[in-house]
Amino acid sequence: MYTKHIENRDFIIFGIQNWDATIGGNHPRKSLIAEIAKRNRVLFVNTPIDSVSMLKKEKNASEATRIRVLNGLEDNLVQIGENVWNYYPNTVIASINWIRIRFIFNILNWINNWKFAREIKKALQSLNFKNYIIINDNEIFRGFYLKELLKPNCYIYYMRDFLTHQGYWSFHGSSLEPTLIMKADLAVANSHYYTDYLKKFNPNAFFVGQGCDLSRFNGVEASEIPTDLLPISKPIIGYVGNLRSARLDLSLIESIATSVPDWNIVLVGPEDQVFEKSNLHQLPNIYFLKEKSLPDLPAYIQHFDVCINPQQVNPITEGNYPLKIDEYLALGKPVVATYTEAMKLFAGHVYLAKNKEEFIQLIGKAFQENSVDLSNSRKALAASHSWENTVALLYQSILKTTFTKPTAATLPTTY
């Protein structure tokens, strides 16, 4: 679909999740890196461990790894694939987000960034990275000063979530993120909603879409029905993903269940406390099947009659690209979802509802209209949302900005 590429360049990528972070089995950054590494060298940098995490008695896997690195028990720079290296900075940064005096926070954040940059420079020297391109994947705090400290050939801010509307980032992030966007050479996003937001602060803002690795859906059509789905009668309306009250509309799910008692609603995924204590557990046609392993999820989707994404509409969800929609469509399933700005990308292939009544009506319509032709068109749309296309759009964005008038020293190889 896209023909321009960048090759034989050095990329540095870091973000708010480390390489070994557990985030529901989904790690889009790894897929992004794998695609970039087909033509370039990539250094993924984990963020340094902070002082509070050092003092915790119980540490997660990522924190434990970073402590082993600090103690010299593991190498901090490891090649993990062709053209890909994983790096753990050998330093500890201060925990400062609790500080509410902005100029003190900014001073300490500069020190944290300086320590982070000092460690990155060691890896760059070891790998002989030159004229590198930095992709900051939504890391507002620890990446705020890295353009100045590392002086990359191109500094990209990549927005995949509205972090400033979430607790940890809301206070300092709301003031820092616009400045970070403004001083980036370019900014990219996975939804048109986020792209419009970026354009308020940086004219070099581009939509690059969202890649989705759909390889695990190959051959799922022939899969057997999971054993815990067997006792549940058809029709089944299904949802797969984290059950978080900040993102999902519990009252909408309850309305669907009570309006049409003959429909069975299956929710597959871990619940937060609000879901665990909700009235949904008292309804006889709602089934909570808990969290499943990533390889098992396609079989559940395959045996749903209609898939749903009953989101709340709020600043967190309005521009959020829901990867689960591509996963539903990859199996040709009819999908009913709450209308948001980000979901307009799927118009024509997904039924979009603006209220509870419409959501219920569209589920009925989805049952009635389903066909082989519609199923095939859904699969084709999901297939077009590939990491190859996303990275090609990223390359085009770089070429449109930084390399509009390149010098001999910075000219990338393209074809």
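1. Helices, here runs of H or I in DSSP of at least four residues, are numbered from the N terminus. On that basis Phe103 belongs to helix α4, which covers residues 102–127. The model under discussion is a predicted one.

2. Phe103 deserves attention for its surroundings. With a relative accessible area of 56%, Phe103 is exposed, because the cut-off for that class is over 50%. Phe103 is also one of the contributors to a nonpolar surface patch of about 680 Å², whose other members are Ile101, Ile104, Ile107, Trp110, Ile111 and Trp114. As a general point on spacing, an α-helix has 3.6 residues a turn, so residues three or four places apart point the same way.

3. The salt bridges form the next topic; the count comes to 16. One of them joins the side chains of Arg118 and Glu119, with an N to O distance of 3.9 Å. Together with Lys122, Arg118 and Glu119 are linked in a network of salt bridges.

4. A further salt bridge pairs Arg216 with Glu327, and their closest N and O atoms are 2.8 Å apart. Arg216 sits in the loop between β10 (205–207) and β11 (236–240), while Glu327 is in helix α11 (residues 323–330), so this contact ties together parts that are 111 residues apart in sequence. Arg216 is partly exposed, its relative accessible area being 26%; Glu327, at 15%, is buried.

5. Asp305 and Lys234 form another salt bridge, in which the closest N and O atoms are 3.4 Å apart. Here both residues are in loops: Asp305 in the one between α10 (297–302) and β14 (306–309), Lys234 in the one between β10 and β11, and the pair therefore ties together parts that are 71 residues apart in sequence. Asp305 counts as partly exposed at 24% relative accessibility, and Lys234 is likewise partly exposed, at 47%.

6. Of its 15 residues, 13 are buried, so α14 is largely enclosed by the rest of the structure.

How values were computed
Residues are numbered from 1 along each chain as its sequence is written. This is a predicted model: local features need pLDDT of at least 70, side-chain atom pairs count only at pLDDT 80 or more; totals for chains, interfaces and linings use all residues. Side-chain values use heavy atoms; hydrogens and water are left out. Patches are made of residues with over 30% relative accessible area and no salt bridge: like charges are joined within 9 Å, nonpolar side chains (Val, Leu, Ile, Met, Phe, Trp, Tyr) within 5 Å. Accessible areas come from the Shrake-Rupley method with a 1.4 Å probe; for residues, only the protein chains shown count as cover. A salt bridge is a side-chain nitrogen of Lys or Arg within 4 Å of a carboxyl oxygen of Asp or Glu. Helices (H or I, at least four residues) and strands (E, at least two) are DSSP runs, numbered from the N terminus. Buried means under 20% relative accessible area, exposed over 50%, partly exposed in between (1.4 Å probe, protein chains only).
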